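Hello,

Here is the structure I promised to pass on. Have a look at it first, and then read on for what turned up.

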Amino acid sequence: GTFVAVINGTAADIDPASEESANSNMVQRNIDEQLIAPKGRSLDQYVPVLASSWSSNARKTVWTFHLRHGVKFHSGREMTAADVKYSWVRMLKAGLSNTYVFARFMTNPDKQIKALDRYTVECDLALSQPLFLGGVVQEYASSILDSVELAKHVVKNDYGHAYAMAHDLGTGPYTLQDW
């Protein structure tokens with residue numbers, strides 16, 4: 001089927017590293033997904049989306065996410081732990097408006113986020129971070145993008161931002177057909 005949105009205004013930017021307007025978010029949250037989402041209206045209970053399970057060590061310094069197998073990006077490529085790492089490192093290093101969501105938890109994302117295997121991501125936060133999952137559910141920043149497709153469009157160290165602002169790079173229930 002087709003979903004047609006008529007809104008008062010326009011979606012100006014659908015890059016999860018930078019978009020913060022309600023109009024842009026309505027588009028972005030339907031084409032992109034996070035690892036986990038809030039359970040109903042709860043602020044501290046979560047349900048799986050792209051992750052099948054997650055856990056932390058006793059001190060909540062290391063968080064491990066096990067990804068669902070067979071999830072496809074709209075490009076047709078399977079999502080892997082490398083995409084999660086790329087998406088989160090990119091969001092932090094690009095320094096765009098949503099960097100703050102994860103910046104409180106990580107100072108060196110290249111080393112702190114590890115793709116342990118094809119379907120396992122580990123975040124070593126060094127300090128106890130019991131609120132980390134609150135950042136992971138934040139759709140404005142933590143959406144997982146197709147790293148292979150996005151990397152093709154990096155221009156002058158822009159982390160692919162110019163491309164991601166207007167292109168579908170997600171796994172969500174809808175695809176962007178016309179804008």
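The largest pocket has a lining of 19 residues, and those nearest its centre are Phe-3, Ala-5, Val-27, Leu-176 and Asp-178. Please keep in mind that this is a predicted model. The space in the largest pocket comes to about 530 Å³. Sorted by class, its lining residues are 11 nonpolar, 7 polar and 1 charged.

Next, the sheet. Four strands make up an open sheet, in the order S3-S4-S6-S5, and their pairing is antiparallel. At the edges are strand S3 (51-56) and strand S5 (113-117), each of which pairs on one side only. From one strand to the next, the twist averages 20°. As a reminder, strands of a sheet pair through backbone hydrogen bonds, either parallel or antiparallel.

Strand S6 (residues 120-124) pairs with strand S4 (residues 62-67) in the antiparallel sense, over 5 bridges. Two positions you can pick out here are His-66, which stands opposite Thr-120 in S6, and Trp-63, whose bridge partner in S6 is Cys-123. S6 also runs antiparallel to S5, and 4 bridges join these two strands. Ala-115 stands opposite Val-121 in S6. With 2 residues between them, S5 and S6 form a hairpin.

How enclosed is S6 by the rest of the structure? Of its 5 residues, 4 are buried, so S6 is largely enclosed. Helix H2 (residues 81-94) lies across S4, S5 and S6, and its direction is at about 175° to that of S5.

One more residue is worth a look: Val-71, in the loop between S4 and H2. Is Val-71 buried or exposed? Its relative accessibility is 5%, and because buried means under 20%, Val-71 counts as buried. Beyond its neighbours within four places in sequence, Val-71 is in contact with Leu-50, Arg-77, Glu-78, Met-79 and Thr-171. Thr-171 is 100 residues away from Val-71 along the chain, yet the C-alpha atoms of the two are separated by 7.2 Å.

Happy to go through any of this with you on screen.

Best wishes

Note on methods
Residues are numbered from 1 along each chain as its sequence is written. This is a predicted model: local features need pLDDT of at least 70, side-chain atom pairs count only at pLDDT 80 or more; totals for chains, interfaces and linings use all residues. Side-chain values use heavy atoms; hydrogens and water are left out. Two strands pair if DSSP finds at least two bridges between them. Axes are lines fitted to C-alpha atoms, for helices over the stretch in contact, and angles run from 0 to 180 degrees between N-to-C directions. Contact means heavy atoms within 4.5 Å. On a 1 Å grid over the protein atoms alone, a cavity is a set of points where a 1.4 Å probe fits but cannot get out, and a pocket is an open set with protein on both sides within 12 Å along at least five of seven lines; lining residues have an atom within 4 Å of a point. Grid points are joined across faces, edges and corners, and a volume is the space filled by probe spheres set on the points. Ala, Val, Leu, Ile, Met, Phe, Trp, Tyr, Cys and Pro count as nonpolar, Asp, Glu, Lys and Arg as charged, and the others, Gly among them, as polar. Buried means under 20% relative accessible area, exposed over 50%, partly exposed in between (1.4 Å probe, protein chains only).
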